[in-house]
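This briefing describes one protein chain for a reader who is new to structural description. Please keep the sequence and the model in view while reading.

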Amino acid sequence: GINAEYGDPCLADTLLPKFVEMIESAGTELLNICGQCIAKLLKSKVVSPPHTVAYLTPLMWTHINSKDTLVHNTWLETLITFILVSEKSVLQQTQVISLALAKGNLSQKSSSRIACAKLLTALCQRIDRSQMESEIFPAVRMLCQDIDYDVRCAMCCSLVQIAQSIGEVRTMKLLVPEIQELLQDEEITVRNTAIQVLIDIVPLLSKDVVATIIGPIIWPYFDIVVCERPSSMLVTVTQLFGRLGVNMAEVMDDVRRDWYVRYFIKLCKMEHPSSNGVPLENGSNALLLDITMDTIMKKDTDIPDSISYLCAFNFPAVCYNVGAKFVVESNLLECYTALSKHHHFSVRRALAAGFHEVAKILVPDTECLLPIYTTLVKDPSIKVQQALIANMGPALISLNPPLSLNKGALPVDGLPELIEPLLQQIVCISKTREWRSYTSLIEAWSDLTEVLSPEQIHQHFAPHLIKQLSKNVMLPVRRAMLRTLIKFIFKSKYLYQRNEMTSQLIKGLSKCKKFNQRLLFVEFCYLVLDKFSKKFFKEHCFTPALLLINDPIPCVRIRSSTLLPHLKSQLKMPSDRPMLQQLEASSRRSLMSERNKDVLAHIQKAVIELDNGDVTLDSEPDPEDRRREEQQNFHIVKEERDVRSRISLPEHVSSLDLRGTKPMQRKGSMASLTNTDSAGRNNRRKMSISSRRSSTSVPRRASMPSRFRVGSRRWRPIIRERTAPASSTQRQTSNSDY
């Protein structure tokens, strides 16, 4: 900001000298902050190159030699930033190359030589290849053969970035021999770094070079490692196994792919000696250390558990490399099942996090994964459930092969094996304090419409959400329930299901005694406005929303007043003139009777918007509303065609016009049982009515003479003259006389 207002000379001549004086007497914390600020200034190029050379470069070289490790690392990153953003002329002027090479001498400390390795890596991205080969590579070769293994590791880690800068020919000529020598190093850490670098440079090389030179180096190395006892070297190999398969996929034939699968199966079967293959309960899981990549690198976890965790982590990459056919024919699924029952929750969590990727690869042969997914859904660990919920939608869609191959169609039979586990899962999570996981699970339930049939959703899942909507107190959870229920209603296959769910939801929200539920009904109205057609909103939500304007709670009246302009936008003239008159009368009545100042202000604002709003005519085309109506009735119309083809329903009769009429169901289905129960209730109702008729003195219709029947020609109705209603004074007089 100062530079923009006063210009660059002010920054260079005034601020930078004072900045340098302040840093000379600064402490550790201030030095770190100043180093980060200078790095930001260099990235934004606020300071000109001459001023950078005059003021900032000496600071960097001074504080790189600090004995404090934190200060040293901060200013080293600042110097690397300076190298990456500066031009070649500035680098030559500051003699960065000679200073960096000087720090790599054997007489310097190991921290100085490690800094030299990082500086040379940054310089390789900025200087010419000829200069790099003549000045940089001798120092790189010397650091790869340093007496300190930390220096050798640091230089080996930098070889990937150097290979990206010099090209394939120089990489094979200069770097690969050094990597081969590092693979024979006496330190395990150096060998781990070398094999990782060798696998990472494979994408930079041609296919022939990888097949003839790199492959013969990697395959024997893996064979030697797996024959040894479990060690940190085997952990590194397991960590790189998925990356190896992806990078070497183009050069792997069937024989090498079979070796790849057998090797991975051998890694998966290396379990902990105390493991019995049974998951521990939540209380026991608390005693286990959480396995992550950081804990593996720090060697804080057991080696067998780390190998199992990395096998679960790399399983999607292995399946992607060998293909679905190889996975089904081999024993990989047995290993997958064993990992899903591992005693450590971190292994099961890693497996759950990548399950959707495995299911996507195995489509359409995903029936074998259904028991594994059921096991993971029933897992007692909340961390496993959180990993499973994160990608629950794609996993469920992949588990239903016909649907994943034919998008847009509703499932007919669904997956009944998942109904009970999913209901148990949501009950278990609702009892915990993890309301974010509970919200994510409910949002993931919206994808059940792509997996389960509408009958299964209407019978099992929608009633559970409607019931929990009135019990749960957390607003994000209830909002997620509303969004999921809206999708359930939208994806309904039968009209009676849609009407039943909508009526239950509206009754439970708009007529509830709790004001927060009535506030939630306003949000439900907004969701319906965004998703459904005008006709649907007017039939179900118009009247309940209009009644909320007279709610006894002020905040409900304030929130519902915002709906008034939207209510008017849903009307069409002249067919909806009575509803418009009702809306205007209700808003006028609330405006005249409201005594709360805050509510009155919101109502006045809503009335102004209501007056300025336009009403569409019946003759005007509304393509957006027509599109919504077609979408919401797509599956119902499709089912109507199927019913018409089965029972020869006339074309002029539509199931959309027969509201509340349940479609014909197959014998033995759940809906047919429901229809049978309703038919039984109707028969019992008719029997009770007939019994009451028989008990009264009025004769039945069948016993009446034919001349008194309605259909008889002799029957004539008695027409009386309509009299005007009595006035209020007449009614008072009649009451007093009585």
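**A covered helix and the chain as a whole**

The buried residues of helix α27 are Met392, Gly393, Ala395, Leu396, Ser398 and Leu399. The helix, which spans residues 392-399, is mostly covered, since 6 of its 8 residues are buried. The model discussed here is predicted. The chain contains 44 helices and 2 strands. Of its 738 residues, 47% are buried. Among contacts between residues at least 6 apart in sequence, 69% join residues at least 24 apart.

**Packing of α37 and α40**

- Two packed helices are described by the angle between their axes and the distance between the axes.
- Helix α37 covers residues 554-561 and helix α40 covers residues 597-612; the two pack at an angle of about 10 degrees, with their axes 9 Å apart.
- An angle under 35 degrees counts as roughly parallel, and α37 and α40 are therefore roughly parallel to each other.
- The crossing of these two helices, α37 and α40, is left-handed.
- On the α37 side, the contact is formed by Pro554, Arg557, Ile558 and Ser561, which meet Asp598, Val599, His602, Ile603 and Ala606 in α40.
- By class, the residues of the contact between α37 and α40 comprise 5 nonpolar, 2 polar and 2 charged.

**Packing of α12 and α14**

- The axes of helix α12 (residues 168-182) and helix α14 (residues 207-227) come within 12 Å and cross at roughly 10 degrees.
- This angle makes α12 roughly parallel to α14.
- In α12, the residues Glu168, Met172, Val176 and Gln180 meet Val209, Ile213, Ile214 and Ile217 of α14.
- The contact of α12 with α14 consists of 6 nonpolar residues, 1 polar residue and 1 charged residue.
- An α-helix has 3.6 residues a turn, so residues three or four places apart point the same way.

**Cysteines**

- How many disulfides does the count come to? The count is 0 disulfides.
- A disulfide requires a pair of cysteine sulfur atoms within 2.5 Å. The sulfur of Cys144 has its closest cysteine sulfur in Cys156, at 6.5 Å, which is too far for a bond.
- Cys144 has a relative accessible area of 3% and is therefore buried.
- Cys428, at 52% relative accessibility, counts as exposed.

**Individual residues in helices**

- Lys118 is placed in helix α8, which runs over residues 110-124.
- Is Lys118 buried or partly exposed? Its relative accessible area is 34%, so Lys118 is partly exposed.
- Lys118 and Glu77 are 41 residues apart in sequence, and their C-alpha atoms are 9.2 Å apart in space.
- When residues up to four places away in sequence are not counted, Lys118 touches Leu76 and Ile80.
- Ile457 lies in helix α31, residues 454-469.
- With a relative accessible area of 5%, Ile457 is buried.
- Between Ile457 and Ser492 there are 9.0 Å from C-alpha to C-alpha, while the two are 35 residues apart in sequence.
- Leaving aside neighbours within four places in sequence, Ile457 is in contact with Leu448, Thr449, Leu452, Ala462, Pro463 and Phe488.

**Residues in loops**

- Asp379 is found in the loop between α25 (370-377) and α26 (382-390).
- Although it is placed in a loop, Asp379 is buried, with a relative accessible area of 7%.
- Not counting residues up to four places away in sequence, Asp379 touches Arg348, Val384 and Gln385.
- Gln95 lies in the loop between α6 (88-94) and α7 (96-102).
- Gln95 has a positive phi of about 55 degrees, although it is not a glycine.
- At 49% relative accessibility, Gln95 counts as partly exposed.

**Cis peptide bonds**

- Val363 and Pro364 are joined by a cis peptide bond, for which omega is about 5 degrees.
- Pro364 belongs to the loop between α24 (355-362) and α25.
- The peptide bond from Met573 to Pro574 is cis, and its omega is near 5 degrees.
- Pro574 is located in the loop between β1 (572-573) and α39 (577-593).

Note on methods: Residues are numbered from 1 along each chain as its sequence is written. This is a predicted model: local features need pLDDT of at least 70, side-chain atom pairs count only at pLDDT 80 or more; totals for chains, interfaces and linings use all residues. Side-chain values use heavy atoms; hydrogens and water are left out. Axes are lines fitted to C-alpha atoms, for helices over the stretch in contact, and angles run from 0 to 180 degrees between N-to-C directions. Helices (H or I, at least four residues) and strands (E, at least two) are DSSP runs, numbered from the N terminus. Angles under 35 degrees count as roughly parallel, over 145 as roughly antiparallel, 65 to 115 as roughly perpendicular and the rest as oblique. A crossing is left-handed if the near helix is turned anticlockwise from the far one by less than a right angle, and right-handed if clockwise. Contact means heavy atoms within 4.5 Å. Ala, Val, Leu, Ile, Met, Phe, Trp, Tyr, Cys and Pro count as nonpolar, Asp, Glu, Lys and Arg as charged, and the others, Gly among them, as polar. Buried means under 20% relative accessible area, exposed over 50%, partly exposed in between (1.4 Å probe, protein chains only).
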